[in-house]
Amino acid sequence: MTAALALLYKLLPLYVTVALGWIAGRFLQASGSHIAGIMMYIITPSVVFSGVMHAPLSPEVILLPFLTLGLCTLIGYGHLLIARRWIGDASASVIPLAVGTGNTGYLGVPVALLLFGEQGLSIYILCMLGTTLYENSVGFYLAARGRYQVRDCLRKVARLPSLYAFFLAVALNLGGIDIPAIAEPLFDNLRGAYSVFGMMIIGMSILSFRGLAGNLRFTALAFFGKFVVWPAVALLFWWLDSHGPQIYDTAVYQALFLVSITPIAANTVVIATLLDLAPGQVAGTALLSTVVALFSIPLMIALFMGA
């Protein structure tokens, strides 16, 4: 439990960053939509590329992002079927993103570094990449279907650079090609921007939020999927694999479990902003889930990871 309290202390600066984002939007007229575009098309692809380039790749390791992608898709689409019947407005299209993925990068990476160190961080990043692939493929497609026809959705997905960054990095890594030393500081700076801007955009986006009463069903379903279903699926996979084929080890199970307990992703707010799908409601729910995660993450780690 001491480690859980230390983790709680380490998370506090991330919440200060959310507050700074709110100040920037409230008093400096900073635009969340502009930063959303920069995040989606420049910073996130750079972080994906750098993470894959530094990971030790093997057939099992390469499959980790696709394992996470499959679980995200299963959870997201299942909740979309419920949302279409229960929520009853355009925000239902955002539910697959809200529950299927998580704040695995902006919040999860610092937590993973604290828990696993530099060596275990690479395994976590590969699991995290599965959520990034989901956000930029299936999740984006399902959300965009709330505004666009199938052909338009596919075109928008095809234009998302994170997919190309992932596959290019895999090819270069397997080919023995490294990032030039002169470019390393650039990618280090982009990783820092990834975390800072990702948390600040939540603060900027909540300016238009007017409380949960606007769509309490959205918040309830998002919380159920994110804080109950996803961790249960991760624990079930942990139990099934460890008592069956044993394809992966404890480091992978713990990394996947950390992915599952992160709050609603800031990129959900980014995509909702880009698609104009109730961004205020999504931002408020994401912020509330982040506040809940301040306490739930240390508790879940203490209960299931022996911290």
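Q: Among contacts between residues at least 6 apart in sequence, what share joins residues at least 24 apart?
A: This is a predicted model, where local features need pLDDT of at least 70, side-chain atom pairs count only at pLDDT 80 or more, and totals for chains, interfaces and linings use all residues. Residues are numbered from 1 along each chain as its sequence is written, and side-chain values use heavy atoms, with hydrogens and water left out. With contact meaning heavy atoms within 4.5 Å, the share is 85%.

Q: How many aromatic pairs turn up in the whole structure?
A: Rings of Phe, Tyr and Trp (its six-membered ring) pair if their centres lie within 6.5 Å; planes under 30 degrees apart are stacked, over 60 edge-to-face, the rest tilted. On that basis the search finds nine.

Q: Why is the pair of Phe166 and Phe167 edge-to-face?
A: Their ring centres are 5.1 Å apart. The planes sit at 75 degrees, so the label is edge-to-face.

Q: Is Phe166 buried or exposed?
A: Buried means under 20% relative accessible area, exposed over 50%, partly exposed in between (1.4 Å probe, protein chains only). Phe167 has 48% and is partly exposed. Phe166 has 2% relative accessibility, so it counts as buried.

Q: Which residues form one aromatic cluster?
A: Phe237 and Tyr253 make an edge-to-face pair, 6.4 Å centre to centre with 75 degrees between the planes. Both are buried. The cluster is Phe237, Trp238, Tyr253, Phe257 and Phe304.
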